[in-house]
Amino acid sequence: RGSGRKADRRAAHVYELHTFAMATTMSCNAMFAKTCRPSKMQARSRKNAVQPVGAAGATNPGVDRTTGFETMRKGVKVAAKENILTPRFYTTDFEEMEKLFSLEINPNLDMSEIEASLQEFKNDYNQTHFVRNDAFKKAAENIQGDTRKIFIEFLERSCTAEFSGFLLYKELGRRLKTINPVVAEIFTLMSRDEARHAGFLNKALSDFDLALDLGFLTKNRKYTFFAPKFIFYATYLSEKIGYWRYISIYRHLQENPDNQLYPIFEYFENWCQDENRHGDFFTAILKARPEFLDDWKAKLWTRFFCLSVYVTMYLNDHQRSSFYEALGMDTTEFNMHVLHETNKTVGRVFPQVIDTYNPEFKERLDSMVAMNKQLSAIGESDAPEIMKSLQKLPIIANFVGELLALFLMKPVEGGTYDMASNETALTY
């Protein structure tokens with residue numbers, strides 16, 4: 001239990017500095033995000049949610065003896081506390097989405113690439129891919145101690161992220177069905193993929209005797225509101241960075257099979273292609289709505305979203321470096337590889353991106369990791385709370401300075417559009 005409290009305190013420190021930094025940089029919470037409880041629209045999606053383990057809502061708090069994680073009831077884990085680094089559930093302005101994709105309002109909406117994407121999703125290449133075997137449970141039984149805990153954390157975070165996508169895409173598919181049947185069907189098919197992923201991950205959690213109650217999460221987790229264009233930026237980045245994370249882990253373990261502690265990683269090659277297809281669909285959406293990419297505000301926002309995602313991943317993974325070490329990977333090398341490749345990918349579409357090859361980029365990321373460790377040490381000390389707060393202030397101020405410096409670095413110009421002819425001019 002002691003180690004669990006320390007982990008919560010470390011997460012809280014990252015939450016403090018990252019929230020403060022984000023608000024200072026762009027006042028993003030006031031401008032485009034708010035947190036809310038599930039709306040009626042999300043409630044409709046619950047009927048189609050991935051089935052939870054056990055009856056939703058039953059709460060008999062306890063502690064798993066093997067790992068120390070809190071449980072709702074036997075075999076069902078209490079979800080990790082929400083903070084800036086945990087996967088979120090999202091909602092959006094569905095009426096604005098309807099206007100964006102309405103063929104009556106937008107008769108000249110370029111649907112060519114979107115229609116081509118639909119056939120890709122209909123092919124359902126991974127329909128029979130996610131089939132388990134006896135090796136899963138046996139491998140889980142052999143993972144013990146701290147390694148078992150970090151595997152559970154990895155599976156939980158991944159499952160929550162996939163399930164979040166399922167809920168959002170399912171509702172978008174429902175809402176756009178009569179407005180734009182092609183776009184609606186793609187969102188519905190993407191929700192199929194995400195539900196498949198979330199179910200597979202939750203079943204993996206049950207191998208460790210701690211599954212999630214996804215129905216309970218649907219009804220009780222807070223939903224973060226993003227305006228439609230920010231949903232496009234965030235989900236495009238999320239899908240593409242997910243591709244590069246999955247394929248990089250897969251390739252590493254193919255070269256180092258002795259580090260493949262659990263069979264789920266063998267599925268990552270085909271799995272990551274789902275993420276790639278999802279990202280390609282959002283590419284088609286952004287190309288069909290060039291107003292989200294063609295002005296100075298778009299340049300600032302795309303840089304901001306890149307920076308937010310990259311910094312969050314770097315801090316998050318370095319907090320959990322023992323997971324990557326268990327797979328025989330160097331956390332920093334893995335992160336930088338994923339960031340470079342993701343940045344090159346999204347730079348084909350986003351008008352501006354961060355220069356990840358600038359030595360200053362990594363130096364400042366490492367500096368923020370060091371500052372986070374300082375905050376953790378302060379939080380775990382026995383000093384009075386008022387003293388802890390005073391000790392944290394200069395560190396948080398320095399963190400904000402590092403973040404601002406990263407945002408103000410000379411950016412890399414990305415994909416551009418020939419607005420005169422209204423034709424895309426992406427460079428691949």
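Which residues form a nonpolar patch on the surface? In this predicted model, the patch consists of Ile386, Met387, Leu390 and Leu393, which together have about 410 Å² of accessible area. Patches are made of residues with over 30% relative accessible area and no salt bridge, nonpolar side chains (Val, Leu, Ile, Met, Phe, Trp, Tyr) being joined within 5 Å and like charges within 9 Å; a salt bridge is a side-chain nitrogen of Lys or Arg within 4 Å of a carboxyl oxygen of Asp or Glu, and accessible areas come from the Shrake-Rupley method with a 1.4 Å probe, only the protein chains shown counting as cover for residues. Leucine 390 is found in helix H16 (residues 385–408), where helices (H or I, at least four residues) and strands (E, at least two) are DSSP runs numbered from the N terminus.

Local features need pLDDT of at least 70 and side-chain atom pairs count only at pLDDT 80 or more, whereas totals for chains, interfaces and linings use all residues. Residues are numbered from 1 along each chain as its sequence is written, and side-chain values use heavy atoms, with hydrogens and water left out.

The secondary structure of the protein chain comprises 16 helices and 10 strands, and 54% of its 428 residues count as buried (under 20% relative accessible area; exposed is over 50%, partly exposed in between; 1.4 Å probe, protein chains only). Beyond its neighbours within four places in sequence, tyrosine 262 is in contact (heavy atoms within 4.5 Å) with residues including Arg132, Phe136, Phe151, Asp207 and Phe208.

Three strands form an open antiparallel sheet in the order S2-S3-S4, pairing being assigned if DSSP finds at least two bridges between two strands. Strands S2 (62–63) and S4 (76–77) stand at the edges, each with a single partner strand, so one side of each is left without a neighbour in the sheet. Two bridges join S2 to strand S3 (residues 70–73), and threonine 71 in S3 is the bridge partner of glycine 62.

Most residues other than glycine have a negative phi. Aspartate 124, in the loop between helices H5 (112–123) and H6 (135–142), has a positive phi of about 45° and is buried, with a relative accessible area of 12%. Aspartate 209 has a positive phi of about 65° and is partly exposed, with a relative accessible area of 42%.
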